[in-house]
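I opened my notebook to look up a few things in this structure. These are my entries, in the order I made them.

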Amino acid sequence: MARKNKSIKKTGGGLKFWGRHAVEAALDNPNRVIKKISITREALATLEIPDDIAVVICDVADLGRVIPRDAPHQGMVADVDPLPDIWLGEILDQQSDRPLLLLDQVTDPHNVGAILRSAAAFDAAAIITQDRHAPPESGVVAKSASGALETVPWIRVVNLSRALDEIAEAGYWRIGLDGDSNDELESTMGTGKLALVMGAEGEGLRQNVAAHCDTLARLPMSSKMESLNVSNAAAIALYAEYTRKKGE
């Protein structure tokens, strides 16, 4: 199947990122356009900013007025453009054996940010969400991701089920995480490339998405707890795949 390989620029207004990890990671990302950094004098002394980026010296109160209330800005706020879009085919054409992580209508930006952080920690090739029913790129996601928004490709697709079909054609074994499955994750992982599919907070996988997985599996856990937050579950699943690959 021919795949589109052209990246396109997202439309829409600019974003504000805050906090040292998010701002430093944006500065280190050659694909990120930074239009301005508002910063306290104290923070400026600790940050290397290229000469072609506008710098505005502010006090703490000024910064607090341009971002969500009580957001931990650590003395710096960056005005940035969204990253260019990435096509799923671009990742599949790399023929990597690193896992893919698909999120089925996970809408909380804190969870998506935390999942990006785990994806970076455990060497996932990308996360994949729908272009609808998923949070946009934002300061909250960037802060929660602690820099990983700049390093982990985030692919948005129109239809998750069709994306799973394309992923299967590329040789991935698709595992949907489902707390009601009779099989535990480790027993279903096999030896090939994995695509892990996580359901929404509270709702789990939608039926049509689950039907496009090769198998369903649950995380082994004590009966004292019925389920985990989706970001915690994603971290455990990615860790299981990471240790499997390290052991080969």
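**A methionine and its patch**

I started with Met-221, which I found in the loop between β10 (215-217) and α10. Helices (H or I, at least four residues) and strands (E, at least two) are DSSP runs, numbered from the N terminus. This is a predicted model, where local features need pLDDT of at least 70 and side-chain atom pairs count only at pLDDT 80 or more, while totals for chains, interfaces and linings use all residues. Residues are numbered from 1 along each chain as its sequence is written, and side-chain values use heavy atoms, with hydrogens and water left out.

Is Met-221 buried, partly exposed or exposed? I noted partly exposed, because its relative accessibility is 36%; buried means under 20% relative accessible area, exposed over 50%, and partly exposed in between (1.4 Å probe, protein chains only). Met-221 forms a nonpolar patch on the surface with Met-225, Leu-228 and Ile-236, and together they have about 340 Å² of accessible area. Patches are made of residues with over 30% relative accessible area and no salt bridge; like charges are joined within 9 Å, and nonpolar side chains (Val, Leu, Ile, Met, Phe, Trp, Tyr) within 5 Å. The areas come from the Shrake-Rupley method with a 1.4 Å probe, and for residues only the protein chains shown count as cover.

Next I checked pLDDT, the predictor's confidence in each residue, from 0 to 100. The protein averages 91, and 94% of the residues score at least 70. Over residues 1-12, pLDDT stays under 50. Where pLDDT is low, the predicted coordinates should not be read in detail, so I left that stretch alone.

**Salt bridges**

How many salt bridges does the structure hold? I wrote down 13, a salt bridge being a side-chain nitrogen of Lys or Arg within 4 Å of a carboxyl oxygen of Asp or Glu.

I looked up Lys-16 and Asp-79, whose closest N and O atoms are 2.6 Å apart. This pair links distant parts of the chain, with Lys-16 in strand β1 (residues 15-18) and Asp-79 in strand β4 (residues 76-80), 63 residues apart. Lys-16 is partly exposed at 29% relative accessible area, whereas Asp-79 counts as buried at 15%.

Then I went to helix α1 (residues 20-28), where Glu-24 and Arg-20 lie four residues apart, about one turn of the helix. Their side chains meet in a salt bridge at 3.0 Å, N to O. An α-helix has 3.6 residues a turn, so residues three or four places apart point the same way. On the buried side of my list for α1 are Ala-22, Val-23, Ala-25, Ala-26 and Leu-27. The buried residues of α1 pack against β1, β2 (34-39), β4 and α6 (139-145).

Helix α10 (residues 230-247) has a pair too: Arg-244 and Glu-241, three residues apart. Their salt bridge spans 2.6 Å, N to O, and both residues are buried. I also noted that salt bridges with shared partners join Arg-32, Glu-137 and Glu-150 into one network.

**Cores**

Which residues touch the most other members of the largest nonpolar core? Out of its 46 residues, they are Ile-37, Leu-101, Leu-116, Ile-127 and Leu-196. A nonpolar core is a set of buried Ala, Val, Leu, Ile, Met, Phe, Trp, Tyr and Cys residues joined through side-chain atoms within 4.5 Å. Helix α10 gives the most to this core, with five residues. Apart from this core lies another, of 22 residues, including Ala-125 and Val-197.

**Loops**

Asp-104 sits in the loop between β5 and α5 (109-121). Asp-104 is buried, because its relative accessible area is 1%.

Arg-69, in the loop between α3 and β4, counts as exposed at 77% relative accessibility.

I ended on two backbone angles. Asp-123, in the loop between α5 and β6 (126-130), has a positive phi of about 65° although it is not a glycine. Ser-146, in the loop between α6 and β7 (154-157), is not a glycine either and has a positive phi of about 55°.

Key:
Contact means heavy atoms within 4.5 Å.
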